[in-house]
Amino acid sequence: HFSDDEAPHVEAAAKAAGQKLAPYIADAVRSRMQREGMLPGTPEATALAEARDLIAAIGPEMFRKTLKQAAQAA
């Protein structure tokens, strides 16, 4: 089941998709979203959204090049 913090995010995702989720489906969705770092409100989801925005702004090739340069510098 969802924590009090997670439940509203999963329900919001279901509403955005125009669906009402059965409890067992909602649990599966939450688990997958959490495993993939996409559960809204988490640091992982925020980072993924920022990465998507950056890719849209500079393109995938420049994004990859920037990541490689940052990894080499570290």
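User: Which residues make the nonpolar surface patch?

Analyst: Leu54, Ile58 and Met62 make a nonpolar surface patch of about 240 Å². Patches are made of residues with over 30% relative accessible area and no salt bridge, like charges being joined within 9 Å and nonpolar side chains (Val, Leu, Ile, Met, Phe, Trp, Tyr) within 5 Å. Accessible areas come from the Shrake-Rupley method with a 1.4 Å probe, only the protein chains shown counting as cover for residues. The model is predicted: local features need pLDDT of at least 70 and side-chain atom pairs pLDDT 80 or more, while totals for chains, interfaces and linings use all residues. Residues are numbered from 1 along each chain as its sequence is written, and side-chain values use heavy atoms, without hydrogens and water.

User: Why is Phe63 called buried?

Analyst: Buried means under 20% relative accessible area, exposed over 50%, and partly exposed in between (1.4 Å probe, protein chains only). Phe63 has 16%, so Phe63 is buried. Leu54, at 38%, is therefore partly exposed.

User: What makes Arg64 and Glu61 a salt bridge?

Analyst: The criterion is a side-chain nitrogen of Lys or Arg within 4 Å of a carboxyl oxygen of Asp or Glu. The closest N and O atoms of Arg64 and Glu61 are 2.7 Å apart, so the pair qualifies.

User: How is Glu61 classed, buried or exposed?

Analyst: Glu61 is exposed because its relative accessible area is 58%.
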